[in-house]
Amino acid sequence: MTTLALDNTFDDPTRRAPLVLGHDEFSTVTEKICGVNEARRAPRAWYIAFAISLFFTGILGVMILYLFATGVGVWGNQNPVMWGFPIINFVFWIGIGHAGTLISAILYLFRQKWRTAINRFAEAMTIFAVICALMFPSIHVGRVWVLYWTIPIPNQMELWPQFRSPLIWDFFAVGTYFTVSFLFWYVGMIPDLATLRDRATTRLRAIVYGIFALGWRGSIRHWHRYERAYLLLAALATPLVLSVHSVVSFDFAISQLPGWHTTIFPPYFVAGAIFSGFAMVMTLAIPARQLWGLKDFITLRHLENMNKIILVTGSMVGYAYIMEFFTSWYSGSLYEWFGFANRAFGPYAWAYWIMVSCNVLVPQIFWFKAARQSIWVMFIASLLVNLGMWFERFVIIVTSLAQDFLPSSWGYYVPTWVDLLMLAGSFGLFLTLFLLFCRYLPIIAIAEVKAVMPKAHAHESEASR
Amino acid sequence: MVILPDNENRHLGDLAPRVFRWGVIVGLGAIGLSVLIGLSGEASLDRFFRSYLLGFIFVLSLCLGALFFVILQHLTKAGWSVVIRRIAEGLAGNLTWLWIGFIPVVVGLYMGDLYKWVDPPEGDELLKHKEAYLDTTFWLVRAVFYFAVWGLLARYFVRCSMDQDEHGDPKNTLRMQRVAAPGMVLYAFTQTFAIIDWVMTLEPYWYSTMFGVYFFSASACGFAAMLIILCALLQRTGRVTQSITTEHYHDLGKYLFAFGIFFWAYIAYCQYMLIWYANIPEETIWFVIRQLGGWKSMSILLLLGHFAGPFLLLLSRYPKRFKGVLTAACVWMLFIHFVDIYWLVMPRIPAELIDRVTSYPQLEQEFATGVIPGTALTYQEVYDLNWHLLDLTCVVGLLSLIGAMTARRLRDHCLIPEKDPRLGESLAFDNY
């Protein structure tokens with residue numbers, strides 16, 4: 001076992017690679033992961049990052065106040081581009097929030113055990129990304145003080161939302177997604193919260209973790225119910241991975257606008273969302289494993305696997321681009337063809353080519369094993385993919401609106417400084433929440449990781465290998 | 001060292017020549033009969049070509065589904081599926097000769113009226129625009145390319161895997177894993193464009209970017225149902241009774257449920273809903289005919305029989321682990337998959353009628369009673385769902401040939417890849 005423990009990136013079909021490296025006992029695993037939360041002081045980098053994130057969150061708050069006080073005119077949204085940055089950011093953040101559920105639910109159902117090292121913080125990331133996403137449509141309504149009108153509750157005004165509008169479907173889709181993702185995240189964390197409770201050295205920690213551990217004592221009966229609940233939640237969350245971004249894509253695809261109305265939108269959006277979500281997991285996992293010394297858990301093999309998923313989903317997105325382009329020509333519709341040619345060669349060509357190169361070309365580097373195993377290559381690629389996926393939403397939303405059927409109403413969309421600061425601020429909010437999570441909650445599923453350690457299978461029959 | 005159960009029969013043995021003989025006899029007989037019916041004037045030659053295309057697309061979907069499954073197992077380094085992979089390989093292997101079965105479709109293109117775009121009416125600007133793609137020579141070149149890709153991929157994976165039976169070298173597994181990734185990319189594009197070329201262009205004005213994905217999900221359904229049925233049949237004849245366990249049926253049931261039922265419904269719903277909602281005449285026309293007369297009943301049957309019913313039945317784990325129920329469900333799924341392909345291939349659009357009417361009730365009225373100008377036939381007689389013996393004989397013929405060739409391919413080989421390095425995992429795994 002000791003010779004194996006140094007490297008798990010080998011490719012030998014006669015045996016499976018270990019998922020946890022090093023010589024850890026079960027107890028040292030607990031020590032290492034809880035140590036992240038129990039250290040009296042976080043690493044210096046954490047404080048610096050937290051200060052910067054908090055600063056941008058503050059900016060976000062100020063911008064929102066400014067928006068409320070002044071009105072949506074502070075944004076660049078103008079006729080004909082009525083959906084500008086706020087909707088771009090909404091779709092972007094919802095997309096980021098897809099990797100968590102994919103890792104927790106779908107990879108769980110596929111028995112991909114390597115997910116245990118990354119599922120916890122991918123799920124956390126999902127929750128925070130959905131929070132950022134939900135903020136944008138809420139403040140986009142203009143009169144935020146009557147936001148409750150969008151909620152379908154009986155009221156004295158006989159006012160109902162338009163149920164035929166995909167915007168209201170979105171409300172339900174994202175709401176359901178948030179609820180189930182949150183439950184999944186929380187239920188999965190209960191045994192680990194109990195571990196933190198049991199190890200608490202101060203009264204406050206014992207009480208707070210104790211409350212959230214819901215009286216977990218680790219009895220066989222607890223575990224039995226827990227496993228059942230987890231499996232059921234996984235099965236319930238799986239259709240949600242498809243539904244949320246499909247419904248987001250309906251916002252566009254049910255219209256008659258060239259570039260929006262195309263039937264491949266739902267699966268294409270889902271693939272793109274998983275793609276961007278995984279890229280964000282990479283962006284966060286690489287520094288985190290470095291900072292807290294978690295390389296034995298989030299091993300190079302884990303990163304390599306994620307890179308492969310990025311390659312697969314990036315290629316799916318490429319497939320959708322090709323299908324769209326082909327069909328816009330094949331349809332013989334002048335408007336369709338103009339819509340796509342205009343994307344590639346019109347005034348927003350720069351954005352289009354950023355999108356294509358970041359989303360389709362950059363991930364192709366992961367065909368090479370050396371690139372899949374190089375920390376710097378994958379880190380830079382993950383940043384570029386995030387950039388590319390933001391631009392994808394920009395291209396879809398802005399180009400189709402800016403030049404529609406009537407040339408006399410064409411325009412060129414330019415964001416204002418408020419738009420830009422709000423985008424930056426949403427990153428601040430996301431990272432603030434994420435950093436708080438890293439500091440106070442177990443960032444790796446302790447109980448699950450122990451179950452995939454080689455030691456957990458010491459008596460596995462040799463005949464079956 | 002993997003210990004295989006020693007008290008089971010893992011070879012087709014004398015079953016192979018029997019299946020081959022009967023498959024060839026029935027297959028060639030049924031196809032010969034179809035040609036005779038087509039030529040006899042009992043049905044038009046066009047109807048023969050249509051029905052043949054239907055049968056061809058159906059068996060193609062099974063074989064492509066099998067090829068996808070095999071590539072997917074290597075791509076994901078799957079362990080669970082090793083014992084059932086050989087049967088999938090047997091099915092996928094048919095792609096090496098299926099181009100022969102495509103020849104009648106080519107004949108239909110040149111001689112028959114199978115594809116309307118071959119002779120576009122004078123002054124049809126739209127088809128003129130598409131000339132660059134809808135060109136018979138280019139179409140043929142593309143078809144050759146698709147069959148070349150599928151044939152080479154299938155041949156590679158089948159040979160490499162059977163070769164491993166001889167010496168048990170794990171390097172073969174590594175090699176297949178390496179080919180699987182680019183193979184999957186090639187598969188995705190060839191499958192998509194093949195189905196655009198052969199099915200979508202039956203209505204050359206209509207288009208949907210989702211079409212390739214729809215066929216992919218349908219083929220996953222047909223293949224998974226077929227594989228489960230084949231496993232059950234083999235076990236009934238006393239073969240591979242120990243190696244293939246309830247766990248494999250359970251997992252195959254999940255595969256069928258996930259791709260063939262759930263994902264299929266998702267894609268079908270999205271395609272329909274988006275076209276219905278936007279309500280653009282060029283796009284809705286394809287669904288309008290499928291909502292008239294007998295086609296309407298068929299659409300509803302698909303909704304209930306391809307999605308709602310099987311979804312409820314196979315949602316729980318117990319039916320998936322109960323071989324009798326699962327196999328019966330698969331027989332149904334294979335049938336409903338055929339209905340799905342029928343629904344894709346067979347309807348023809350009375351474009352002139354749809355252009356002329358101004359409301360949906362009027363359309364239904366005219367469709368039921370209206371007479372096609374210049375003929376004595378009503379729209380219903382020409383355009384409505386009308387089964388013909390040819391639909392059956394063509395598909396039975398092609399399926400029999402597939403069965404014969406699959407048996408021949410597996411004749412001298414073990415029914416499970418007995419020296420695959422991950423065989424142990426596959427024999428031992430559990431669904432908790």
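Q: Hi! How much area do chain B and chain A bury between them?
A: In this predicted model, chain B and chain A bury about 4200 Å² between them, and 66% of that is on carbon and sulfur atoms.

Q: Which three residues of chain B supply more of the buried area than any other three?
A: Those are T209(B), L274(B) and Y277(B), which supply 18% of the area that chain B buries against chain A.

Q: And how many residues does the contact take from each chain?
A: Chain B puts in 58 residues and chain A puts in 40 residues.

Q: Which helices of chain B each supply at least two residues to the side that touches chain A?
A: They are α5 (125-129), α7 (170-198), α8 (211-236), α9 (246-278) and α18 (423-428) of chain B. Of these, α9(B) gives the most, with 13 residues.

Q: What's the makeup of that side by class?
A: The side of chain B that touches chain A has 38 nonpolar, 13 polar and 7 charged residues.

Q: How many salt bridges does the rule find across the interface?
A: It finds 1 salt bridge. The side chains of R111(A) and D251(B) meet in a salt bridge, at 2.4 Å from N to O.

Q: Where is R111(A) found?
A: R111(A) is in the loop between α4 (99-109) and α5 (119-140) of chain A. Its relative accessibility is 34%, so R111(A) counts as partly exposed. The phi of R111(A) is also positive, near 55 degrees, and R111(A) is not a glycine.

Q: Why point that out?
A: Because most residues other than glycine have a negative phi.

Q: Okay, what about K77(B), what is its phi?
A: K77(B) has a positive phi of about 50 degrees, although K77(B) is not a glycine. This residue is found in the loop between α2 and α3 (82-92) of chain B.

Q: Is K77(B) buried or exposed, then?
A: Buried, with a relative accessible area of 16%.

Q: While we're on backbones, which residues does a cis peptide bond join?
A: A cis peptide bond joins N79(A) and P80(A), with omega at about 5 degrees. P80(A) sits in the loop between α2 (44-70) and α3 of chain A.

Q: Switching to rings: how many aromatic pairs are there over all chains?
A: The count comes to 104 aromatic pairs over all chains. One of them is W93(A) with F430(A), a tilted pair at 4.8 Å centre to centre with 40 degrees between the planes.

Q: Where do W93(A) and F430(A) lie?
A: W93(A) lies in helix α3 (residues 85-96) of chain A and F430(A) in helix α15 (residues 417-440) of chain A, so the pair ties together parts that are 337 residues apart in sequence. Both W93(A) and F430(A) are buried.

Q: Why do F68(B) and F216(B) count as edge-to-face?
A: Their planes are at 75 degrees, and over 60 counts as edge-to-face. The ring centres of F68(B) and F216(B) are 4.7 Å apart. F68(B) is in helix α2 (residues 45-75) of chain B and F216(B) in helix α8 of chain B, 148 residues apart.

Q: Are those two buried or exposed?
A: F68(B) is buried, with a relative accessible area of 10%, and F216(B) counts as buried at 15% relative accessibility.

Definitions and conventions:
Residues numbered from 1 in each chain as written. Chains lettered and ligands numbered in written order. Predicted model: local features only at pLDDT ≥ 70, side-chain atom pairs only at ≥ 80, totals over all residues. Heavy atoms only, no water. Contact = heavy atoms within 4.5 Å. Buried area = accessible area lost by both parts, 1.4 Å probe. Salt bridge = Lys/Arg side-chain N within 4 Å of Asp/Glu carboxyl O. Helix = DSSP H or I, 4+ residues; strand = E, 2+ residues; numbered from the N terminus. Nonpolar A, V, L, I, M, F, W, Y, C, P; charged D, E, K, R; others polar. Phe/Tyr/Trp six-rings, centres within 6.5 Å; stacked < 30°, edge-to-face > 60°. Buried < 20%, exposed > 50% of the residue type's maximum accessible area, 1.4 Å probe, protein only.
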